[in-house]
Amino acid sequence: MNTTLSDAGPFEKVLTLRLEENELADAEEQAARRLSRELRIKGFRPGKAPRRIVEATVGPDRLRSEAIDDLLPTAVDRALTETDLFPAVTPSVEAIRTIDEGVEVDVRVTVWPETDKVPDYQNRRIEIDLPMVDDERVDEQITQVRRQFAELETVTRHAQDGDFVSVDIAATSGGVEVPEATASDLLYELGSGTFVEGLDNILPGKGAGEILNFVGPLPAGFGDRAGEEVDFRVLIKEVRRVKLPDLEDDWVSEVTEFDTVDELRSNLRTRLDAVERSTARSDLRNKLLEELIAELDVELPPAIVTAEMESQLHRFGHRLEAQGVTLADYMRVTGLDREALTNDLRNQAERSIRVDILLDAVAADAELTVSDEELDEAREALAQGADDPDAARVALADGARGKALRSDILRRKALERLEAGALPVDQAGKVLDLSPVSLPDEEPAVGVAADDPTDVDSGDGDDETGNETGEEASNEEGNDGADQPEEQSPPTGPAEEQR
């Protein structure tokens with residue numbers, strides 16, 4: 001096979017492959033045998049029809065076309081290796097010409113764009129916010145920890161924010177009951193904003209025995225009926241206040257791994273500091289990347305942007321499916337139309353591509369390399385995380401995938417080089433220390449508490465919900481957070497994904 005390479009634009013090449021007649025003849029024999037098995041040819045069992053009968057049935061043009069289709073994938077891979085090309089998107093066949101000694105095939109290859117000028121990334125000052133962990137914040141966390149072990153106490157006064165009310169809720173639409181929005185003995189926390197919109201507006205200041213009526217929308221979980229206005233009738237059966245345990249050393253030693261209140265406070269302060277530093281490092285990374293990619297002078301090939309948009313949409317759709325939501329449902333609930341979704345995808349795709357171009361440029365400028373040992377370790381780590389490790393090892397040994405994996409490692413190293421070379425400063429220009437906080441090795445009995453857990457001992461088997469906070473610290477610093485159920489939150493839109 002002969003190969004020639006020509007330019008077709010700033011980021012595109014055309015590979016012209018020559019498939020010799022002897023190659024085509026062998027491929028036609030293979031194609032005829034395959035078609036003999038696939039086709040139902042009168043008078044012959046599957047796979048038994050000779051080539052001349054198959055060719056007479058499908059025609060010589062289709063047989064030649066099938067042979068070319070069978071040869072092209074291997075031929076293109078070999079040509080890419082010979083010309084040292086690494087396509088950014090799947091190459092496309094543009095033309096096939098018959099010549100005296102076979103056929104010529106033109107294949108368009110879009111290559112990854114590069115930049116000649118690398119933005120100055122050394123000692124770049126990036127202003128970020130690093131809030132101090134003061135006593136007030138530690139006190140808030142202590143209160144959250146106490147709420148995890150709180151009890152509910154029935155009171156005769158009217159309900160106020162932070163209280164729990166036991167209610168019966170009935171919903172009707174046009175006089176017809178809506179069973180899914182009807183509940184008995186629902187324990188609802190005032191101010192939580194859960195269940196249905198409007199409860200927090202009517203419950204404060206009301207007492208047991210009162211019956212309240214209001215009109216409100218059905219929540220997102222109602223599918224096609226989400227947002228529909230229905231009539232709600234609420235009977236308040238009981239008001240309960242949250243009774244927190246006394247903050248004493250004995251209580252701390254009983255419910256946590258710590259012996260004293262001071263030890264618990266110190267641990268929570270350390271973990272809050274870890275959260276703030278982790279958040280600040282993420283902020284530094286994002287701001288640094290935004291500044292640098294804004295200085296990149298590079299044109300983005302439309303084919304790469306389109307491919308990245310499709311990839312973004314595919315990943316976003318999978319995240320929605322994991323939560324039982326279709327893309328159509330998401331767009332309807334959020335009010336996002338197709339044009340807005342497309343713009344979000346394009347903006348995110350362009351940002352992602354520019355970041356990769358930047359990291360490639362930094363890797364080249366800093367002369368970063370990937371050793372064979374690093375590549376082997378990365379392959380093994382990916383294989384171990386696959387459903388079929390052996391099959392994954394075989395797939396990752398492929399030359400193209402090996403190049404892609406090496407590129408990913410280089411980009412990770414480039415990002416680390418960027419972060420190491422940046423100077424985080426506060427509003428006054430003072431350089432900040434964002435080094436990770438050293439956390440205790442042992443697993444804490446309590447961590448940085450949730451925003452407002454309702455994991456309270458109500459004694460009657462009521463539903464419990466809670467929100468975890470400090471995700472960055474949990475992932476990066478090893479903080480497991482408070483031991484409580486996690487509330488599912490809706491997925492973000494495609495444009496909200498950040499590197």
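Which residue in E9 stands opposite Val167?

A: Leu186 in strand E9 stands opposite Val167. The model is a predicted one, and what follows is computed from its atoms.

The pair belongs to the contact between strand E7 (residues 164-173) and strand E9 (residues 183-189), which pair in the antiparallel sense over 5 bridges. E7 and E8 form a hairpin with 2 residues between the strands, where Gly174 takes a positive phi near 60 degrees. In general, strands of a sheet pair through backbone hydrogen bonds, either parallel or antiparallel.

The setting of this part is a chain of 499 residues, 39% of which count as buried. The chain has 14 helices and 12 strands. Among contacts between residues at least 6 apart in sequence, 71% join residues at least 24 apart.

An open sheet of 4 strands has the order E1-E2-E4-E3, with antiparallel pairing. Its edge strands, which pair on one side only, are E1 (2-9) and E3 (92-99). From one strand to the next the twist averages 20 degrees. E3 is joined to E4 (residues 102-110) by 7 bridges in the antiparallel sense, and Ala95 has Asp106 of E4 as its bridge partner. Helix H1 (residues 21-38) packs on the sheet, touching E2 (12-20) and E4, and the direction of H1 makes about 75 degrees with that of E2.

Strand E4 also holds Gly102. Gly102 has a relative accessible area of 0%, so it counts as buried. Apart from neighbours within four places in sequence, Gly102 is in contact with Leu19, Glu20, Glu21, Leu24 and Arg97. The C-alpha atoms of Gly102 and Asn22 are separated by 8.1 Å, although the two residues are 80 apart along the chain.

On the H1 side the contact includes Glu21, Leu24, Ala27, Ala31 and Leu35, and on the H3 side it includes Arg62, Leu63, Ala67, Ile68 and Leu71. By class, this contact has 9 nonpolar, no polar and 9 charged residues.

In soluble globular proteins, nonpolar side chains tend to be buried together. Here the largest nonpolar core has 39 residues, and those with the most contacts inside it are Ile128, Leu358 and Leu418. Two or more residues each come from helices H7 (261-294), H8 (302-322), H9 (327-334), H10 (338-365) and H13 (399-421). H10 gives the largest share, 10 residues. Leu358 is in contact with Pro119, Leu289, Leu292, Ile293, Leu296 and Leu418, leaving aside neighbours within four places in sequence. Apart from this core lies another, of 24 residues, among them Leu190, Ile202, Val230 and Ile236.

Arg411 lies in H13. It counts as buried because its relative accessible area is 15%, and the cut-off is under 20%. Not counting residues up to four places away in sequence, Arg411 touches Trp112, Asp356, Leu359 and Asp360.

Notes: Residues numbered from 1 in each chain as written. Predicted model: local features only at pLDDT ≥ 70, side-chain atom pairs only at ≥ 80, totals over all residues. Heavy atoms only, no water. Core = buried A, V, L, I, M, F, W, Y, C linked by side-chain atoms within 4.5 Å. Buried < 20%, exposed > 50% of the residue type's maximum accessible area, 1.4 Å probe, protein only. Contact = heavy atoms within 4.5 Å. Pairing = 2+ DSSP bridges. Axes fitted to C-alpha atoms, helices over the stretch in contact; angles between N-to-C directions. Nonpolar A, V, L, I, M, F, W, Y, C, P; charged D, E, K, R; others polar.
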